[in-house]
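Q: I would like to learn how to read the features of a protein model. Can you take me through this one step by step?

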Amino acid sequence: LINAQPYRTFANAMKLLFPAAMRPLPMTSESGIAAGAFVDSSADLEDNVTVEHGAVIGEGASIGSGAHIGPGATIGANVQIGRDTTIAASASVIHSVVGDRVIIHCGARIGCDGFGFAMGAGGHLKIPQIGRVVIQDDVEIGANTCIDRGANRDTIVGEGTKIDGMVMIGHNNVIGRHCVISGQTGIAGSTTLGDFVVLGGQVAVNGHITVGTGVQVAGNSAIYEDVEPGQRIGGNPARPIKLWMREKLGVLRDAKRQDKMRSENTDE
């Protein structure tokens, strides 16, 4: 089959052949509210919501039609969960607003306190965290990822963004639309990512900076300052990808040259 976008076409074909693999499956065949779940009497659940055993739905929470709350998951007080959204086993969502068709995988922690302390010789004074996490439609968040609530404003994840497992997103971050953030990446607080930003695995992003729309960052890189839109960067500190690759090639050539010199001296 000839196609201009074969990988996307393959994904669509797999979606048709294996629709159940598109989001985490329920652990049991039961629908509705399981006997072992706790749903506060003030919570508002629309029709066709599944809440599995051991899940807790807090006071004043609202959950849209078609949502699935997995076993052991926690939905905090006043949290809003959109329609057709899946919160998988043992995930927790507190101090948050979650859109439609969102997938939050097992063990993710959404809305916990950000890392905020006024540090000093007399001890470190905790700064109250009073913001929320706002997750827009069609976002997917991997297992054991942490997204902190805002300190004094909301942490925001834009629509269509895909976040891998074991990612750390600090408080007050604004993540744009349709970004891709790979595993073990850490983004310090009060940072802004534009739309369609791609971060490779184990990327470190400094706080209080802006990474422009369309930026692509190679794995294991560290970003310390603002990045203009459309750049392709890599390394530590991150710099234009061609410059970084030339530097790496130069280091390899020097290493080979030194090895050759040592070998010749040994032979003599």
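**Reading the model, feature by feature**

A: Start with Arg101: it is partly exposed, with a relative accessible area of 41%. Buried means under 20% relative accessible area, exposed over 50%, and partly exposed in between (1.4 Å probe, protein chains only). This is a predicted model, so local features need pLDDT of at least 70 and side-chain atom pairs count only at pLDDT 80 or more, while totals for chains, interfaces and linings use all residues. Residues are numbered from 1 along each chain as its sequence is written, and side-chain values use heavy atoms, with hydrogens and water left out.

Q: With which residue does Asp137 form a salt bridge?

A: Side chains of opposite charge can pair when their charged atoms come close. The cut-off here is a side-chain nitrogen of Lys or Arg within 4 Å of a carboxyl oxygen of Asp or Glu. Asp137 pairs with Arg101, and their closest N and O atoms are 3.9 Å apart. Asp137 sits in the loop between β16 (133–135) and β17 (140–141), and Arg101 in the loop between β11 (96–98) and β12 (103–104), so the pair ties together parts 36 residues apart in sequence. Asp137 is partly exposed, at 28% relative accessible area. A network of salt bridges links Arg101, Asp137 and Asp138.

Q: How many salt bridges does the structure hold?

A: The structure holds 10 salt bridges. One of them joins the side chains of Arg83 and Glu46, at 2.9 Å from N to O. This pair links distant parts of the chain, 37 residues apart: Arg83 is in the loop between β8 (80–81) and β9 (86–87), Glu46 in the loop between β2 (44–45) and β3 (50–51). Arg83 is partly exposed at 45% relative accessibility, and Glu46 is partly exposed at 31%. Arg177 forms a salt bridge with Asp195, with the closest N and O atoms 2.9 Å apart. Arg177 lies in the loop between β22 and β23 (180–181) and Asp195 in the loop between β25 (192–193) and β26, so parts 18 residues apart in sequence are tied together. Arg177 has a relative accessible area of 33%, which is partly exposed.

Q: How many helices and strands does the protein have?

A: Both come from DSSP runs, numbered from the N terminus: helices are H or I with at least four residues, strands are E with at least two. The protein has 2 helices and 32 strands. Its C-alpha atoms fill a box of roughly 85 × 65 × 35 Å along the principal axes. Of the 268 residues, 39% are buried.

Q: Is Asn173 buried or exposed?

A: Asn173 is buried, with a relative accessible area of 0%. Asn173 lies in the loop between β21 (168–169) and β22 (174–175). A polar atom of its side chain is 3.3 Å from the backbone oxygen of Ala188. Contact means heavy atoms within 4.5 Å. Beyond four places in sequence, the contacts of Asn173 include Asp154, Ile156, Ile187 and Thr191.

Q: How is an aromatic pair read, by which distance and angle?

A: Such a pair is described by the distance of the ring centres and the angle of the planes. Rings of Phe, Tyr and Trp (its six-membered ring) pair if their centres lie within 6.5 Å; planes under 30 degrees apart are stacked, over 60 edge-to-face, and the rest tilted. The structure holds 1 aromatic pair. The ring centres of Phe115 and Phe117 are 5.2 Å apart and the planes stand at 70 degrees, so the pair is edge-to-face. Phe115 is exposed at 71% relative accessible area, whereas Phe117 is partly exposed at 35%.

Technical notes. Polar contact = N/O pair within 3.5 Å; in protein donor to acceptor, adjacent residues only side chain to side chain.
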